[in-house]
Amino acid sequence: MTPTPLGVGVGLVGQLYRLGLDGPDGASTVVAKMAAPTDEGRFVATVLNMYGREANFYEKLSARTTVAHPACYHSEHDPETQDAILLLEDVSTRGRQFDQIAGCSVRDARPAVRSLANLHAGFWDDATLDDAGWLLRLVDDPYPGAVSFAYEAAWPRAQEFMPEAITPAVQAFGDRFAEQIPALFAKLSEPPLVLAHGDWRLDNLFFTPDDDVVAVDWQLIDRSVGPRDLAYLATESVNVPDRAGYEELFATYMGDLAAGGVTPDEKWAFEMYRYGTMLGFAYPVIAAGALTIDDPRHIALTRAMLIRSLTALEALDAFDLSL
């Protein structure tokens with residue numbers, strides 16, 4: 001048996017393999033997800049407790065989660081050494097993936113929006129999440145400090161990477177962004193909170209024939225406002241032509257929340273959506289700071305994410321939001 005490596009691209013902080021074997025429930029393949037082999041490779045995951053968060057999701061929250069996700073056959077995480085392994089269902093046969101570099105249309109994103117709203121509705125303002133000490137709010141340490149540090153280190157490289165996109169407005173926004181991160185994270189952590197996926201993008205979603213999605217990669221879950229996850233999808237994965245497209249995504253999300261029995265104040269939710277769009281700028285910048293010339297997909301994906309982020313900021317007038 002020869003393991004097949006998976007998951008090349010932005011954001012991978014571990015090892016991911018498809019194993020061909022007679023797995024649980026008669027599966028012919030399973031996916032093994034392990035910690036990075038070196039201290040350098042697992043540094044970010046350790047700081048943000050990414051391995052622990054995903055293990056705890058499968059062990060403690062997955063049974064309560066109404067959206068489709070891989071079955072977990074084995075979960076093990078050592079908080080001292082940060083060694084970790086998950087044996088997961090191979091969901092590649094259950095649906096297809098869009099190429100995140102190419103992105104998808106607002107219409108094609110419909111199942112992803114519906115599933116996201118279902119996830120949030122199931123945990124909307126859920127006080128039991130307060131008892132999960134490992135499931136932090138976005139505003140809690142170490143998140144603001146870690147993101148500020150990573151952003152400040154990456155911002156000069158991002159400007160070199162795509163100088164044609166750095167207009168005076170983008171330059172001014174980017175120069176002051178790091179100092180606004182604590183206040184931005186606090187804004188996105190004001191109740192009502194949900195179980196946020198934190199990485200709801202096309203690379204982590206399998207679209208099924210019955211118009212649903214299977215969501216993978218639960219390493220970045222936290223407690224924050226729901227529209228933040230929607231903004232992340234819009235700014236990192238969807239090719240939105242104009243403000244009306246962003247409003248359509250938002251209206252669809254709100255309608256799906258209502259179908260799940262949740263009716264938040266629309267003005268508040270739209271403001272959180274805009275603030276989430278502001279946060280979306282951090283991801284391509286930080287990704288640009290890790291670019292290497294031998295990873296062409298990383299380069300192409302970072303470029304696509306940055307373009308979509310700037311498009312959203314402009315369309316939703318999010319460059320000058322007050323904090």
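How many bridges join E1 to strand E2 (residues 14–20), and in which sense do the two strands run? Keep that question in mind while the whole chain is set up in the viewer.

This is a predicted model, in which local features need pLDDT of at least 70, side-chain atom pairs count only at pLDDT 80 or more, and totals for chains, interfaces and linings use all residues. Residues are numbered from 1 along each chain as its sequence is written, and side-chain values use heavy atoms, with hydrogens and water left out.

**The whole chain**

Show the chain as a cartoon, and look for 10 helices and nine strands; helices (H or I, at least four residues) and strands (E, at least two) are DSSP runs, numbered from the N terminus. The C-alpha trace spans about 55 × 45 × 35 Å along its principal axes. A compact globule of 323 residues would have a radius of gyration near 20 Å, and the 19 Å of this chain agrees with that; the radius is taken over C-alpha atoms, and the globule rule is 2.2 Å times the number of residues to the power 0.38. Of the 323 residues, 54% are buried, where buried means under 20% relative accessible area, exposed over 50%, and partly exposed in between, with a 1.4 Å probe and protein chains only. Among the contacts (heavy atoms within 4.5 Å) with a separation of 6 or more, 73% come from residues 24 or more positions apart.

**The five-stranded sheet**

Next, select strands E1 to E5, which form an open sheet in the order E1-E2-E3-E5-E4 with antiparallel pairing. Strands of a sheet pair through backbone hydrogen bonds, either parallel or antiparallel. Two strands count as a pair here if DSSP finds at least two bridges between them. The opening question can now be answered: two bridges join E1 to E2, and these strands run antiparallel. To see them, select Thr4, whose bridge partner in E2 is Arg18, and then Pro5, which stands opposite Tyr17 in E2.

Moving across the sheet, E2 is joined to E3 by seven antiparallel bridges, and Leu16 stands opposite Lys33 in E3. Five bridges then join E3 to E5, again antiparallel, with Ile85 in E5 as the bridge partner of Met34. E5 also pairs with E4 in the antiparallel sense over five bridges, and there His74 has Leu87 in E5 as its bridge partner. Six residues lie between the strands in the hairpin of E4 and E5, where Gln82 takes a positive phi near 65°.

Not counting residues up to four places away in sequence, Ala35 touches Gly14, Gln15, Arg42, Tyr51, Gln82, Asp83 and Ala84.

**The nonpolar cores**

A nonpolar core is a set of buried Ala, Val, Leu, Ile, Met, Phe, Trp, Tyr and Cys residues joined through side-chain atoms within 4.5 Å. The largest has 97 residues, and those with the most contacts inside it are Phe177, Trp200, Leu249, Tyr273 and Phe281. Helix H8 (residues 266–280) gives the most to this core, with eight residues. Apart from it lies another core of five residues, among them Ala68, Val91, Phe206 and Val216.

Now select helix H6 (residues 226–236), where 11 of the 11 residues are buried, so the helix is largely enclosed by the rest of the structure.

**A last stop at Asp217**

Finish in the loop between strand E8 (213–215) and strand E9 (222–224), where Asp217 is found. At 19% relative accessibility, Asp217 counts as buried. A polar contact of 3.3 Å joins its side chain to that of Lys33; such a contact is a pair of N or O atoms within 3.5 Å, and within protein one must be able to donate a hydrogen and the other to accept it, while residues adjacent in sequence count only if both atoms are side-chain atoms.
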